[in-house]
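Student: I would like to learn how to read the features of a protein structure one at a time. Could we begin with a single residue and work towards pairs of helices?

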Amino acid sequence: MQSWPAPPLPVLPGRGPELRLYDTADRQVRPVTAGRTATMYVCGITPYDATHLGHAATYVAFDLVHRLWLDLGHEVHYVQNVTDVDDPLFERADRDGVDWQELAAREVDLFRADMTALRVLPPQQYVSATEAIAEVVELVEKMLASGAAYTVDNGYPDVYYRADATLQFGYQSGYDRDTMLRLFAERGGDPTRQGKSDALDALMWRSARPGEPSWPSPFGPGRPGWHVECAAIALSRIGAGLDIQGGGNDLIFPHHEFTAAHAECVSGERRFARHYVHAGMIGWQGHKMSKSRGNLVLVSTLRAQGVEPPAIRLALLAGHYRADRYWDAQVLDEAIARLHRWRTATALPAGPDAADTIGRVRQYLADDLDTPKALAALDGWATDALDYGGHDAQAPDAVAAAIDALLGVELR
């Protein structure tokens, strides 16, 4: 699947401190110890509706990681999936009277346009579930052969993964069983399915049903389950032991827990990823923004209303990436005002020395992506430039380049 075009990326002199991020499994901020090539897998969209600000906040957060790695001199191998075969997609297509593939293609195109507008660096590999069927089948075969998966046949022979197939299952979320069961039921699981060995066992291969797409396999025609899709794509494109598995915090359980368990079961690794990183949710009108609830603020709608994408991005960066937070008119108005101030300050013929400000921005971002402090440092420089001027003719250009390279906000 085609990704989207990469924006030009300024190269800054010097380098900042090494990146430290909060690890969900370890419940603490710790160093990200990437090698020469840093590897990251971030879960992509299920393309049955347009990109809302909750999506945008997640992908902007991991875009910061991508940019900081590049600033540190790493090469980056970034993979993102598209869940283009799933029940919500089929349900929306039936509701709207369109072909599910047509709906998926349309929404993926809109997502690409939104990511391009927001200057999100594209993944090196952008892979749809329907492109990875062979990898999923191979993974399920291995699970069945090892006894980590089994078939439940109540009219349809579906393949399930045993939640106890790895001793460490549950380490990523740290949730107790009751919490797991509740979230499993709320987020696509089927704890009451008759014939399962354990209520938490997760679907790996859904056998063909009338009216649904299916693909051949040695265990019967069908389609991938949700979690195995990401495990298969990550293992085949990156391999075991990637640096970061990322996504929104609503994916911690069951999706990321099971994705990691599937991969660990076949690789023998203790941890699927060295770091598990999760972004907070964006709320609107008192609730988490979600397609199922319908309380969405769409990136494309804001753009159509004339809101500049850099202002949308700045509004998302105003809160810490891990925090659940609300979107409202004030957040956007403040971002628009900040964008105007920064543009005005960096358009001056000279300004205050920029080295210290850029150094602090790098430091704050390296410390678990502390964007509020980074924005405050840049606000301080802009205020000094506008109120007192300066004698460094290179400073405005240097600050504009740093804002673009590190924060993804183009001022010019």
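Tutor: Let us start with R27, which is partly exposed, with a relative accessible area of 41%. Please keep in mind throughout that this is a predicted model.

Student: Where is R27 placed?

Tutor: R27 sits in the loop that joins β1 (20-23) and β2 (28-31). Its backbone deserves attention as well, and here the general idea comes first. Most residues other than glycine have a negative phi, and most peptide bonds are trans. R27 has a positive phi of about 60 degrees, although it is not a glycine.

Student: What is the value of phi at L369, and is L369 buried or exposed?

Tutor: L369 is likewise a residue other than glycine, and its phi is positive, near 55 degrees. It is found in the loop between α11 (355-366) and α12. With a relative accessibility of 2%, L369 counts as buried, because the cut-off for buried is under 20% relative accessible area.

Student: Which peptide bond is cis?

Tutor: The bond from F253 to P254 is cis, and its omega is near 5 degrees. P254 belongs to helix α7, which covers residues 252-267.

Student: How should I read a helix that has a buried side, and which residues of α2 are buried?

Tutor: A helix can be read by noting which residues are buried and then asking where they point. In helix α2 (residues 87-96), the buried residues are L89, F90, R92 and A93. Looking down the axis of α2, we find these buried residues within an arc of 165 degrees, so they line one face of the helix. On the other side of α2, E91, D94 and R95 are exposed.

Student: What do the buried residues of α2 pack against, and what comes just after the helix?

Tutor: The buried residues of α2 pack against α3 (100-117) and β9 (222-224). Just after α2 comes G97, which takes a positive phi of about 70 degrees.

Student: Which residues are in contact with each of them?

Tutor: If we leave aside neighbours within four places in sequence, R313 is in contact with V60, D63, L64, R67, L118, R119, V120, L407, G408 and V409. For R36, not counting residues up to four places away in sequence, the residues touched are H74 and E75.

Student: How do I describe two helices that pack together?

Tutor: Two packed helices are described by the angle between their axes and the distance between the axes. Take helix α12 (residues 371-388) and helix α13 (residues 395-407), whose axes come within 12 Å and cross at roughly 165 degrees. α12 and α13 are therefore roughly antiparallel to each other, and α12 passes α13 in a left-handed crossing. The contact is made by L375, L378 and W381 of α12 together with A395, P396, V399, I403 and L407 of α13. By type, the residues of this contact divide into eight nonpolar, no polar and no charged.

Student: At what angle do α10 and α12 pack?

Tutor: Helix α10 (residues 329-346) and α12 pack at an angle of about 50 degrees, with their axes 9 Å apart. That makes α10 oblique to α12, and their crossing is left-handed. From α10, the residues R338, R341, W342, T344, A345 and T346 meet L375, L378, D379, W381, A382, A385 and L386 in α12. This contact divides into eight nonpolar, two polar and three charged residues.

Student: What is the angle between α9 and α10, and which residues make their contact?

Tutor: α9 and α10 pack at an angle of about 115 degrees, with their axes 8 Å apart, and α9 passes α10 in a right-handed crossing. The contact is made by P310, A311, L314 and A315 of α9 and by V331, L332, A335, I336, R338, L339, W342 and R343 of α10. Its residues divide into ten nonpolar, no polar and two charged.

Key
Residues are numbered from 1 along each chain as its sequence is written. This is a predicted model: local features need pLDDT of at least 70, side-chain atom pairs count only at pLDDT 80 or more; totals for chains, interfaces and linings use all residues. Side-chain values use heavy atoms; hydrogens and water are left out. Buried means under 20% relative accessible area, exposed over 50%, partly exposed in between (1.4 Å probe, protein chains only). Helices (H or I, at least four residues) and strands (E, at least two) are DSSP runs, numbered from the N terminus. The arc is that of the directions from the helix axis to the C-beta atoms. Contact means heavy atoms within 4.5 Å. Axes are lines fitted to C-alpha atoms, for helices over the stretch in contact, and angles run from 0 to 180 degrees between N-to-C directions. Angles under 35 degrees count as roughly parallel, over 145 as roughly antiparallel, 65 to 115 as roughly perpendicular and the rest as oblique. A crossing is left-handed if the near helix is turned anticlockwise from the far one by less than a right angle, and right-handed if clockwise. Ala, Val, Leu, Ile, Met, Phe, Trp, Tyr, Cys and Pro count as nonpolar, Asp, Glu, Lys and Arg as charged, and the others, Gly among them, as polar.
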